[in-house]
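Some notes on this entry follow, as numbered points. Please read them alongside the coordinates.

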Amino acid sequence: MTDTTATPLTRPQRGSSPRLLRQRHAAERRFRIYGISAIVIAAVVLVALLGSIANRGASAFFQTEIALDIYFDPEVIDPEGTRAPDALYSANYQTLAKRALATRFPEVTDRRAKRALTRLISSGAGFELRGMVLATPALIGTTARYWIKSSDDVDSFVKNNVARDAPESDRRVKDNEIVWLDALIASGDLGTRFDTTFFTASDSREPEQAGIWGAVVGSFLTLVVTLSLSFPIGVLAALYLEEFAPKNRWTDLIEVNINNLAAVPSIVFGLLGLAMFLSIFGMPRSAPIVGGLVLALMTFPTIIIAARAALTAVPPSVREAALAVGASKLQVTLHHVLPLAMPGVMTGTIIGMARALGETAPLLMIGMVAFIVDIPGSFTDPATVLPVQIYLWADSPERAFVAKTSAAILVLLAFLVAMNALAVILRRRFERRW
Amino acid sequence: MIKQSLAMAVVAGATLASVTMAAAIPAQAREQIRIVGSSTVFPFSTAVAENFGKTTNFKTPVVESTGTGGGMKLFCAGAGEDTPDITNASRRIKKSEYETCTKNGIEITEVKIGFDGIVLANAKSAKRLTLSKQEIYLALAKQVPGPDGKLIDNPYHTWNQINPALPATKIEVLGPPPTSGTRDAFVELAMEGGARTFDTLKALKKENKKAFKAVAHTLREDGAYIEAGENDNLIVQKLEANPKAVGIFGFSFLDQNADKLQGAIVDGIEPTFEKIAGGDYGVSRSLYFYVKQQHVDQVPGIKEFVAEFTNDRAWGEDGYLVDKGLIPLPAADRKAMRDAANGMASLSM
């Protein structure tokens, strides 16, 4: 006892000595400097990361194109003259583009050089022309100037990703091709324009034809399943646990388990999905419904935790007032507590969804990491998601996919930022403070 | 009032949606081909799948990159409709895998599609390496024969310790992890080939195959060999940044990055398209895909897909797969393989 009474007497004396005071102030200054430098380091790393991605990805939003006078030769497209859709569909449209190139460069006669010439344009040029003819069959027999996509090698070359003075054997664009390209540039027949294909097409092996739309649709379908399962389950569980459940050992056990579930690595949910949904229930592989179910399992603990925090924040006086005027427990909860807690619940849900949007690991096990060209039309069609698309492109040998990868990352980041901004707005608009 | 009914509507609507969705689990027949397997064959398989989808009225096949071993496991799991129709492989099917397949009532057709070279490459800013298989083995094995012929832990830290003609830089090799088929093939072709040049190891192979494999197939773990993940693009980028490092990957990545990287000359042969196609380059392997015969009549388009793959416009010398880095079979082999594949000849081992 004597010790405890003695210390307060001596401490102020020691603390008030000018030397100690200086030390304490210095310690505080140091701490501030640590804090500021931590923030600066984080900001620099973030800016460097975003900067390098944006720098690499920017060029992927543009595509080099070559203007050609295409003659829609009826002999090639529809020799029978029946205009039957099947015949129009299966005709060889690439020939039209090749012929147009040959007319543009009549001096090229050597067979090898001719093949090199056709490599200037995208191997998908024919499919573009087919699309035009199928839309307006009246084009057949006419000649018109069209901008045709260049091949990815030419595109990289024009965007200066490949050095012009490198030895010819090291370049994918050879000397004679450079001569043709220079001629096209001189006559204004080669230009770079905004690439809408990137936003409207789905995956492709040819970088100039690849786009993210298929993956965006897949992500959307998957998240719809995730949301429609994890939101009601999460909210109902939180409501029951917070408002109705008796406090006993069982509810404590459940609570601990929910908190643990929120920290389980996501790949584990993928394994669970493989074992449960695919093996036992026999659901289709690569389908958004299975992906959504797996991600819902991963998301709903997050939603329960956020919803419970929001429900706890509603002051008891609201409940007591409602009970005092004769409302039943259910009425109190549904009419007063839940609406007041809704902004918090929504915020938790959106953040959970944003996490689900960025996941690839659990989807690997259920076959959603796949090359899928057809745009999914339902919950059971094979589909892939945005982060998986990024992963697949990052692994492709073609040089042009490097830029596409960064561009897709930018799109994914934009979605994530938008979702988080929505969470912030909801909180600002509707949250009530007591 | 508005807020509370909104909240109720959201909860109710979402519950309803989830209930209907859970009830709508499908049972319809599969319309598109499903392909799994090797990540090395993936670029070729997907290119054919895309062309097949765009030029026919069939749906575009779905291609998953699971690795050769993972693909075989899925493929051989059964003949049911929930199993894949085709699996890609960067090595031939193993006897054990074939037996699993047969046991599960699966008959398979083997299609050899071409070759792939495995290259050791470094950045253009450094000197091109000239290596023998023995030197590759000495640089990368965990244990090598010492001066007295007994196995010792790998003592080499710089290339010129192995051969004075090599540069005096640290041995630093970036390569694929054990799950990769590229690694399997590299170990089998280059490392084993190098190990066999030692008489003691040759003798070991004769008396104890397993012990020999353990010596020849184990890469060093002291930091000289760095597992760089399955992503070959990552290795390419790291090589550019570090001219002293050497990378191991498939020829197609060297082909795409020829302005930045150069392939090491192995046993006097440079890894070029012609040398690999001609079988001169020592570290090259065959690529395959396997078709499940039970699915040919069940899933629409399998026959047509095989026909597209084995068409010369795809796998021929001027085909689109060559643009993707495939090294085609000789013309006579292609013809024989095409006939066998389109006739769905059964594989027996």
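Which residues of helix H3 (residues 68-75) of chain B are buried?

1. The model is predicted. In H3 of chain B, the buried residues are B:Thr68, B:Gly71, B:Met72 and B:Phe75. They lie on the same side of H3(B), because the arc they cover around the axis is only 100 degrees.

2. As for what covers the buried residues of H3(B), the elements of chain B include strands E1 (34-37), E3 (86-89) and E13 (284-292), along with helices H4 (95-103) and H7 (181-195).

3. Chain B is assigned two stretches as domain 1 (34-116 + 285-342), while domain 2 covers 117-284. Taken over C-alpha atoms, the centres of these domains of chain B are separated by 29 Å. Contacts between them involve 15 residues of domain 1 and 16 residues of domain 2. On the domain 1 side, the touching residues divide into 4 nonpolar, 7 polar and 4 charged.

4. The largest nonpolar core holds 157 residues, and those with the most contacts inside it are A:Leu293, A:Ala307, A:Ala341, B:Ile113, B:Met191 and B:Tyr290. Helix H14 (residues 288-313) of chain A gives the most to this core, namely 15 residues. Beyond its neighbours within four places in sequence, A:Ala307 is in contact with A:Gly234, A:Val235, A:Ala238, A:Val345 and A:Gly348.

5. There is also a second, separate core of 25 residues, with A:Ala91, A:Val133, A:Val154 and A:Trp180 among them.

Conventions:
Residues are numbered from 1 along each chain as its sequence is written. Chains are lettered from A and ligands numbered from 1 in the order in which they are written. This is a predicted model: local features need pLDDT of at least 70, side-chain atom pairs count only at pLDDT 80 or more; totals for chains, interfaces and linings use all residues. A residue is buried if 20 or more other C-beta atoms lie within 10 Å of its own, exposed if 12 or fewer, and partly exposed in between; C-beta atoms are placed from the backbone. Helices (H or I, at least four residues) and strands (E, at least two) are DSSP runs, numbered from the N terminus. The arc is that of the directions from the helix axis to the C-beta atoms. Two residues are in contact if their C-beta atoms, placed from the backbone, lie within 7 Å. Domain bounds come from an automatic or database domain assignment. Ala, Val, Leu, Ile, Met, Phe, Trp, Tyr, Cys and Pro count as nonpolar, Asp, Glu, Lys and Arg as charged, and the others, Gly among them, as polar. A nonpolar core is a set of buried Ala, Val, Leu, Ile, Met, Phe, Trp, Tyr and Cys residues joined through C-beta atoms within 7 Å.
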